[in-house]
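Take your time and keep the picture beside you.

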Amino acid sequence: MKLFKPSQILNRFDELDINDLKNGGFKAIFIDIDNTITSPGVGSLTAEAKKFIEDIKISGITPIIFSNNTKKRVMSFVGDYDVEWHFFALKPLPFSFIKVAKSHGYKMKECVVLGDQLLTDILGANLSNCYGIYSKQLEEKDTPLTTINRKIEKIIWRFIDEKM
């Protein structure tokens with residue numbers, strides 16, 4: 001079960017203390033989209049999400065939009081906003097995390113994964129040796145596949161909560 005255990009838990013993404021991450025030596029944040037920094041299906045970055053990403057940039061940490069979604073979905077979400085993004089990341093598999101970190105010259109221990117799912121984001125962080133931050137989902141609304149994941153996660157949370 002420790003592979004599903006987040007290093008940190010937030011109620012919302014904007015509670016993240018970016019200065020603490022910077023002071024901790026972190027250089028990149030892989031950021032999930034749906035139900036992490038925006039509601040599912042929202043067509044583009046909200047002002048709130050843009051401010052969050054700008055604050056990360058100002059700190060000197062590299063923000064990277066990192067999604068299992070299609071290229072079309074991620075491109076429409078990001079639009080012409082200046083932020084690095086990767087689609088079809090195959091989370092929780094570590095390959096994409098490792099490839100992107102290496103392309104920047106970052107060690108995996110210098111990377112953070114921020115997401116709302118244990119089965120993709122946090123498991124991916126732990127398999128990749130990144131610092132995994134779980135942000136509670138913004139809305140109850142989910143895609144059909146994510147709804148299945150949430151049912152599995154409820155079981156996992158029972159084991160994690162006992163050990164926290």
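**Exercise 1.** Is F26 buried or exposed?

*Solution.* This is a predicted model: local features need pLDDT of at least 70, side-chain atom pairs count only at pLDDT 80 or more, and totals for chains, interfaces and linings use all residues. Residues are numbered from 1 along each chain as its sequence is written, and side-chain values use heavy atoms, with hydrogens and water left out. Start with the scale: buried means under 20% relative accessible area, exposed over 50%, and partly exposed in between (1.4 Å probe, protein chains only). F26 has a relative accessibility of 12%, so F26 counts as buried.

**Exercise 2.** Describe the aromatic pair of F26 and Y131.

*Solution.* Rings of Phe, Tyr and Trp (its six-membered ring) pair if their centres lie within 6.5 Å; planes under 30 degrees apart count as stacked, over 60 as edge-to-face and the rest as tilted. The whole structure holds six aromatic pairs. For F26 and Y131, the centres are 5.1 Å apart and the planes make 45 degrees, a tilted pair. Y131, at 25% relative accessibility, is partly exposed.

**Exercise 3.** How are the planes of F66 and F97 arranged?

*Solution.* The ring centres are 4.7 Å apart and the planes stand at 35 degrees, so this pair is tilted. Next, check accessibility: F66 and F97 are both buried.
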